[in-house]
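Visitor: I'd like a close look at a single part of this structure, please. Could you pick one, tell me how well it is tucked away, and then go on from there?

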Amino acid sequence: MDKLNPPDETVLQVVVPRPLPAPLDYLPPADGLQPPAPGQRIRVPLGRSRCLGLIVGTRTRSAHPQPLKRALALIDPEPVLDARQLELGRWLTRYYHHAPGEAYLALLPPTLRHDREATGTAPAPYWRATATGRALAEQPDALPRAPRQRELLHQLAASPPGVAGPMLRARHGGGYLAVLRRLVAAELAEPCAPPTVHTPEMSRETPAPTLTDEQTAAVEALQATLGRFQPTLLEGVTGSGKTEVYLQLARRVLAAGGQVLILVPEIALTPQLLERFRQRLGVAVAALHSGTPAGERQRWWQAAAAGRVAVIVGTRSAVLTPLARPGLIIVDEEHDGAYKQQDGLRYHARDVAVWRARQLGVPVVLGSATPSLESLHNATRGRYAHLHLTARPTPHPPPALRLVDVRALPLTDGLSPPLLQAIDRHLAAAGQILLFQNRRGYAPILRCHACGWTAGCEHCDARLTLHRGTSERLICHHCTRRYAPPTACPACAATPLDMIGFGTARLEETLADCFPQARIARLDRDSTRRAGTLAQLLTAARQGEIDILIGTQMLAKGHDFPRVTLAGVIDADHGLFGADFRAGERMGQLIVQVAGRAGRAASAGEVLIQTHHPTHPLLQTLLAGGYPGFAAALLAEREAACWPPFSHLALLRAEASRPAQALAFLTAAAEVLPSAPTAQLLGPVPAPMERRQGRYRAQLLVQSTRREVLQRLLHRWLPGVRALPTAGRVRWSVDVEPQDLL
Ligand code: ADP
Ligand code: ZN
Ligand code: ZN
């Protein structure tokens with residue numbers, strides 16, 4: 001039957017969850033019940049099996065010379081994606097050069113990425129008791145001969161805003177509809193609108209503080225952008241009250257009937273932020289993050305798509321949430337690396353947020369104390385408006401940074417006398433102390449003093465970190481493999497082996513020896529693995545139950561710890577000589593963010609930074625010019641070297657089980673690159689960490705000063721790369737605007 005491809009029959013363009021470069025063509029299902037529409041999910045045959053598909057377009061005749069297969073059946077009666085979401089899917093596919101199946105399906109909550117019918121895609125019908133019904137339900141002998149009606153009526157009467165159909169079915173079984181119909185006929189029950197989504201902890205609005213003049217000016221400037229596309233960089237020093245500005249602006253959007261989408265790098269680290277939005281806006285807030293259960297995620301997603309929830313706060317993937325009444329998008333801590341997805345569809349949520357704001361015609365606010373060089377550059381060029389909050393509303397400005405030159409000083413497990421004295425002083429004054437060290441575990445290196453052997457991972461080009469707990473073990477932080485520590489050097493049999501360097505666990509131990517009376521806690525991935533411990537630690541720190549908090553970059557994430565008076569950076573030298581061109585930028589952001597935790601409330605703060613390179617120009621500009629001066633110096637360097645944001649990059653990564661394979665593939669890929677005078681090729685070269693998880697890795701960088709040139713080049717080049725005979729034998733991927741080159 002299908003052999004003819006009837007010329008006037010619609011052809012469906014369907015994406016499937018497979019890494020295929022383009023949508024597939026199908027004929028509509030034979031049942032002919034309903035003309036399929038773009039945005040609908042559909043079951044299709046694929047090879048010998050069947051799978052979920054999403055219709056992304058239709059056309060009247062296929063370009064396909066072969067007869068087409070027929071789709072099996074529509075999965076839901078209505079589209080799950082609207083035209084704007086489909087447009088977003090198309091853009092993600094093209095801009096990130098990613099398989100359309102994965103790009104479009106990323107727009108759906110995980111529960112809808114299977115070929116099962118969506119429960120409650122359309123708002124579920126709601127039912128409630130009428131006034132007569134409620135009165136009757138109170139009678140002890142109501143409906144004596146209809147126990148099922150009585151039971152159902154009691155359930156409805158107990159919930160005045162209404163009960164969803166599926167809830168009734170869950171309790172009364174499939175026959176509930178017949179029972180319900182009888183109640184409706186007797187005017188004891190009636191259908192009603194679904195209640196707006198509430199969360200149990202919803203509370204009334206709490207009053208706002210009086211804004212500072214700078215905050216007021218920022219709110220007014222931003223308010224003038226409502227109703228149209230306008231990106232704004234809100235650069236405010238740490239603790240300057242950026243969140244207050246978001247809140248005031250959000251209130252105005254809500255009052256005008258709009259929805260507000262707020263992106264944060266990580267919700268677990270800033271639980272108080274969610275609470276602040278709930279309390280201050282007095283409305284339900286959808287929370288979308290990795291900890292949100294799948295069912296709840298789907299309900300919020302549907303509520304957002306239907307306009308039934310007005311405030312959505314979420315991490316990276318929340319940027320893809322559909323909005324029925326878009327009003328405002330906010331990206332908090334816009335510089336944070338967590339916004340970049342590092343596998344699969346490698347999107348940057350900040351960039352997607354700006355694209356969506358343009359599509360939806362709404363303003364987007366990018367907030368940070370330490371903006372990314374990309375955003376600063378856009379602000380300088382006038383593409384983004386630039387607002388500043390230079391002061392804190394609290395009595396003390398952000399503390400000045402002070403370097404501690406540790407070169408000639410005696411160190412106690414990495415801690416210098418000036419830092420130890422400062423800790424002592426702040427403890428005596430009942431201040432809280434925050435210490436930052438970006439190494440977890442006990443010791444980053446285990447080394448033989450006799451021959452220089454160091455413990456390395458068998459599967460990665462990386463050293464093993466010594467962890468101590470109930471037992472000692474060596475752990476690879478790149479592939480998570482564990483090894484028993486050797487008792488003697490495997491190379492020369494010497495004993496004992498030296499522990500080099502200081503992880504957070506070792507510093508915690510040292511601090512406990514130095515300050516036995518202090519209450520010390522550690523904040524890193526190891527100490528917060530158990531559910532609930534992170535929240536407990538953060539609460540304890542805020543309430544002053546911890547005197548010294550030592551931690552990794554988890555400390556740098558926008559926390560409002562009012563009692564911190566001293567912040568210390570144990571080792572600033574890490575970022576000074578990093579392999580990546582962004583290493584300096586990241587180091588500056590971390591230092592300023594950690595420092596910004598100090599002196600936020602009643603007492604002034606102090607910040608000490610230990611370094612072996614006190615005269616390093618990067619540290620010197622950070623000290624002299626603060627983050628703005630530091631960023632300006634980095635931008636000048638990037639411009640001279642023609643790195644982003646003065647050029648655009650795409651990284652082709654490959655990995656394979658044999659050493660030369662990945663490099664050979666990239667060499668072949670470089671040979672099929674169409675010539676483009678305004679683009680350069682850098683590489684291919686082995687990756688900075690060549691072996692990882694037992695695989696050999698290589699990379700090839702394409703660079704152009706013009707985004708469109710790079711994009712056009714990728715569109716012409718990648719089909720040729722896919723067609724290479726070796727393309728199926730290595731794992732390879734494209735990363736557009738990569739955040740790191742490791
Ligand atoms: P940021 O997001 O810029 O780091 P926050 O918005 O968290 O800063 O504000 C830092 C602290 O200052 C918070 O405790 C907040 O409640 C307080 N705050 C902000 N604005 C004001 C204001 N206008 N008056 C008094 N306190 C304020
Ligand atoms: Zn040895
Ligand atoms: Zn490893």
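Guide: Let's begin with a word we'll need: a residue is buried when its relative accessible area is under 20%, exposed when it is over 50%, and partly exposed in between, using a 1.4 Å probe and the protein chains only. We also need helices and strands, which are DSSP runs (H or I, at least four residues, for a helix; E, at least two, for a strand), numbered from the N terminus. A bit of housekeeping: this is a predicted model, where local features need pLDDT of at least 70 and side-chain atom pairs count only at pLDDT 80 or more, while totals for chains, interfaces and linings use all residues. Residues are numbered from 1 along each chain as its sequence is written, chains are lettered from A and ligands numbered from 1 in the order in which they are written, and side-chain values use heavy atoms, with hydrogens and water left out.

The part I've picked is helix α16, residues 583-595. Of its 13 residues, 12 are buried, so the rest of the structure largely encloses α16. Among the buried ones are Ala 583, Gly 584, Glu 585, Met 587 and Gly 588. Further along α16, Leu 590, Ile 591 and Val 592 are buried too, and so is Ala 595. For the 13 residues of α16 that gives 18 Å, and the end C-alpha atoms are 18 Å apart, which agrees.

Now hop over to ligand 1. Here, "near" means that a heavy atom of the residue lies within 4 Å of the molecule. There are 15 residues around ligand 1, and Thr 210, Gln 215, Lys 242, Thr 243 and Asp 560 come nearest. Helix α8 (residues 242-255) gives the most to this shell, with 3 residues. Sorted by class, the shell has 3 nonpolar, 7 polar and 5 charged residues; Ala, Val, Leu, Ile, Met, Phe, Trp, Tyr, Cys and Pro count as nonpolar, Asp, Glu, Lys and Arg as charged, and the others, Gly among them, as polar.

Look at single atoms next. A polar side-chain atom of Gln 215 sits 2.8 Å from a nitrogen atom of ligand 1. Gly 239 brings a backbone N or O atom to 3.1 Å from an oxygen atom of the ligand, and a polar backbone atom of Gly 241 is 3.0 Å from an oxygen atom of ligand 1. On its own, ligand 1 has 560 Å² of accessible area, and the protein covers 78% of it (areas by the Shrake-Rupley method, 1.4 Å probe).

His 97 has a phi near 50°, a positive value in a residue other than glycine, and sits in the loop between α1 (83-95) and α2 (100-105). His 97 is buried, at 11% relative accessible area. Ala 493 also has a positive phi, near 70°, but Ala 493 is exposed, at 56%. Last, cis peptide bonds: one joins Pro 644 and Pro 645, with omega about 5°, and Pro 645 lies in the loop between α17 (617-641) and β27 (648-656). Another joins Gly 683 and Pro 684, and Pro 684 lies in strand β28 (residues 679-692).

Terms used. The expected span of a helix is 1.5 Å times one less than its number of residues. A polar contact is a pair of N or O atoms within 3.5 Å; within protein, one must be able to donate a hydrogen and the other to accept it, and residues adjacent in sequence count only if both atoms are side-chain atoms.
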